[in-house]
Amino acid sequence: MLWRYLWPLLLLAVTVNCNSNSNHTNNYEESTLRILDVATQRMRSIWEMRKRIFLQLTSKGKSPLGGQAPSKQEVEMETYRLVYELAANLSVVPVEQLRDPKLRRRVQRLAKLQLQGLRPENYEQSKDLLRAMQNFISGSLVCTHEDCSTRRPTAMYPQLYNQNMRSKRYEDLKFNWFTWRSTINDKDTARSTFIDYVRLLRMAATYNGHVTPSRTWYLYYDTENFQAEMEAVIWEIMPLYRELHAYLRHSAMQAYPKANFKDDGAISAPVLDQMLSQAWYPHQIFPSPYPKDQLPSVHHRLEEVLVTPVKINKKAAEFFESLGLNHMSDGFYERYSRRMNDDEGGPDCKSQVYYFPPEVALRYCPKLDYKKMMQIHGTMAELQYNIYKKELPFGLDTEPCPGFGSALGETVVLASGTARHLERLHILINDSLTEGQSLNRLLRMGVHTLLAVPQYFINDKFLVDVMDGRIGVSEYNCAYWGLQDKFAGVQPPIWRTEKDFDLDYRFYRGLHPDTSNTRKFMAEILGFQFYRSFCLASGQYKPGNSSYPLHNCDFHGSTEAGNLMREMMQLGATRHWRDIMEIATGERKLSGRGVLEYFAPLFTWLKERNMQLEIEPGWDADDLCRKD
């Protein structure tokens with residue numbers, strides 16, 4: 001089938017060879033544009049398929065456009081065929097001879113691929129392996145009791161995750177931690193599946209001409225040694241992380257006195273997992289800075305004020321309208337906004353944005369709570385982004401690098417959760433919290449963010465170091481625990497060997513390029529950088545002024561912040577992500593500055609509290625992984 005789409009290149013070769021006196025550059029550009037025009041027409045057909053799927057969702061299986069709508073699998077395969085064949089065409093175009101910078105940029109982005117650059121049989125295998133590893137997380141595989149005949153097996157997520165979140169016994173945490181890993185790696189299944197997947201990632205890199213496989217993994221960051229830039233951010237925020245780590249380690253020793261944790265040691269891995277899950281759980285094992293000054297409950301008031309998920313959606317859309325961005329009309333809500341069924345998405349359903357230019361669409365989660373209110377603001381940011389970039393040519397109508405769009409969404413999530421914004425919505429009476437309440441909130445935000453970011457980096461670094469051959473098959477497990485020790489102060493709860501394979505469930509979630517740990521790291525760090533910039537532009541953050549701290553900044557209504565956001569969104573992928581981030585931040589590199597300034601009051605409190613408790617930051621982990 002590939003030859004059917006190669007005719008523009010054949011025409012290019014004939015034109016150039018037969019008319020040696022003609023302008024080669026013009027011929028290259030004309031032929032390249034013809035290739036892209038054909039591809040755009042095919043992409044429009046795929047967008048139409050996506051539209052039919054969206055419209056079918058509320059039409060009892062029948063498309064309102066007539067006939068049966070295509071399946072998601074059909075759309076995925078059509079997309080794969082298009083980008084695979086297009087990359088083959090564009091890979092021989094002499095990019096340096098294209099004068100139009102946008103055309104050059106389109107060719108550069110479309111000529112190289114990640115998993116979709118694999119041949120069809122290998123691509124199908126990669127999808128099978130990803131499904132198998134996803135099943136490690138969501139499949140009912142684990143027997144938490146000796147006799148599985150009396151109770152059904154349990155899935156890691158959400159069942160074991162929720163059990164661990166609520167548990168008050170360290171022995172249960174340790175047992176669940178061990179049992180899940182033993183189950184998925186029975187007969188070396190987890191390790192061998194991962195090895196097969198890495199082989200395909202390396203194969204995809206060879207098709208791009210990349211000797212170092214990680215260049216394909218970091219393809220759209222277009223940066224030499226991007227991992228080193230992420231690591232620099234980890235060390236930048238490490239002083240704050242060390243103080244939080246010391247406080248949480250002390251909390252774990254108080255919660256589990258029989259576990260024999262060391263006061264200068266690493267945190268046991270199942271305890272760290274539990275703390276991460278308890279960031280917003282009311283019965284967490286780590287004490288709040290001011291236990292008697294609890295955060296105000298907003299759930300009932302939110303239900304009284306916003307009443308329905310539709311009203312929450314419209315309030316979120318109004319946030320962007322206040323910035324001077326696109327107005328979401330009643331026609332949009334009538335035609336292109338659909339409610340998920342109550343049984344869809346599970347207990348933590350997430351709204352979805354559909355992209356089929358010239359339209360965009362929203363499928364929203366029907367749950368009504370504080371967390372969903374903040375999340376829908378992030379979803380509306382994605383919707384706004386799609387409205388702007390649909391005006392761009394195919395190939396440039398996307399974010400400039402993975403995680404960039406999520407970082408923009410993160411800024412609005414942060415703003416919408418502040419007391420200042422909740423007071424604007426008439427959910428809170430005051431536009432600020434007491435000092436004690438602010439520190440209680442910042443501690444929970446810190447557990448949610450500061451514990452997760454090093455884990456994103458560790459999981460990303462482990463994968464990339466394996467891909468590039470810096471970690472060999474015989475040293476996977478101990479190398480992983482070496483990274484956990486170095487960057488997070490985390491150790492296994494029991495002795496481990498190289499026969500084990502202890503990667504956590506977040507690692508498996510991040511193995512697909514579309515949901516990578518790299519993307520999540522980028523969204524968090526760049527999100528705080530953007531948030532700081534928007535807050536400075538709006539005047540809602542004034543460094544040194546306690547009445548305008550970064551952690552309570554709501555840039556709602558700021559056209560200055562809106563202008564920055566719009567300019568970045570309108571550019572799509574037409575320029576390098578560093579050029580686009582510089583518009584808002586004035587910086588061209590990732591930085592932990594936004595994180596450090598946001599959590600500055602918590603940092604100060606942690607240092608003082610740790611000194612009072614005579615807790616020394618840092619850790620000396622036990623070597624619990626044998627290499628022989």
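This is a predicted model: local features need pLDDT of at least 70, side-chain atom pairs count only at pLDDT 80 or more; totals for chains, interfaces and linings use all residues.
1. Three strands make up an open sheet, in which the order is E4-E6-E5 and the pairing is mixed. Strand E4, at residues 337-339, and strand E5, at residues 352-356, stand at the edges, and because each has a single partner strand, one side of each is left without a neighbour in the sheet. From one strand to the next the twist averages 20°.

2. The antiparallel pair. Strand E5 pairs with strand E6, which covers residues 359-364, in the antiparallel sense, and 5 bridges are found over this pairing. Gln352 stands opposite Arg363 of E6, while Phe356 has Glu359 of E6 as its bridge partner. E5 and E6 form a hairpin, with 2 residues between the two strands.

3. Pro358 has its place in the loop between E5 and E6, and the peptide bond that joins Pro357 to Pro358 is cis, with omega at about 10°.

4. The parallel pair and the burial of E6. E4 and E6 run parallel and are joined by 3 bridges, and in this pairing Arg339 stands opposite Tyr364 of E6. Of the 6 residues of E6, 5 are buried, so this strand is largely enclosed by the rest of the structure.

5. Helix H20. This helix covers residues 476-488, and its 13 residues should span 18 Å at 1.5 Å a residue, which agrees with the 18 Å that separates its end C-alpha atoms. The buried residues of H20 include Tyr476, Asn477, Cys478, Tyr480 and Trp481, and likewise Leu483, Gln484, Phe487 and Ala488. H20 is followed by Gly489, whose phi is positive, near 65°.

6. Gly482 in H20. Gly482 is placed in helix H20 and counts as partly exposed, because its relative accessibility is 38%, a value that lies between the limits of 20% for buried and 50% for exposed. Between Gly482 and Ala317 there are 165 residues in sequence and 45 Å in space, taken from C-alpha to C-alpha.

7. The 15 residues of helix H7, numbered 170-184, should span 21 Å at 1.5 Å a residue, and the end C-alpha atoms are 22 Å apart, which agrees. Buried residues of H7 are Tyr170, Leu173, Asn176, Trp177, Thr179, Trp180, Arg181 and Ile184. Lys187 is found in the loop between H7 and helix H8, the latter at residues 189-207, and Lys187 is exposed, since its relative accessible area is 77%.

8. Lys187 has a positive phi near 60° although it is a residue other than glycine, and Asp222, which is not a glycine either, has a positive phi of about 45°. Asp222 is found in the loop between H9 and H10 and is exposed, with a relative accessible area of 51%; the cut-off for this class is over 50%.

9. A cis bond at a helix. Tyr157 and Pro158 are joined by a cis peptide bond, with omega at about 10°. Pro158 is found in helix H6, which covers residues 156-166.

10. The second largest pocket. The space in the second largest pocket comes to about 930 Å³. It is lined by 40 residues, of which Lys112, Asn208, His210, Arg215 and Leu219 are the closest to its centre. The elements that each give two or more residues to this lining are helix H3 (72-90), helix H4 (101-110), helix H9 (214-217), helix H10 (226-255) and helix H19 (452-467). By class, the lining of the second largest pocket divides into 19 nonpolar, 11 polar and 10 charged residues.

Note on methods. Residues are numbered from 1 along each chain as its sequence is written. Side-chain values use heavy atoms; hydrogens and water are left out. Helices (H or I, at least four residues) and strands (E, at least two) are DSSP runs, numbered from the N terminus. Buried means under 20% relative accessible area, exposed over 50%, partly exposed in between (1.4 Å probe, protein chains only). Two strands pair if DSSP finds at least two bridges between them. Axes are lines fitted to C-alpha atoms, for helices over the stretch in contact, and angles run from 0 to 180 degrees between N-to-C directions. The expected span of a helix is 1.5 Å times one less than its number of residues. On a 1 Å grid over the protein atoms alone, a cavity is a set of points where a 1.4 Å probe fits but cannot get out, and a pocket is an open set with protein on both sides within 12 Å along at least five of seven lines; lining residues have an atom within 4 Å of a point. Grid points are joined across faces, edges and corners, and a volume is the space filled by probe spheres set on the points. Ala, Val, Leu, Ile, Met, Phe, Trp, Tyr, Cys and Pro count as nonpolar, Asp, Glu, Lys and Arg as charged, and the others, Gly among them, as polar.
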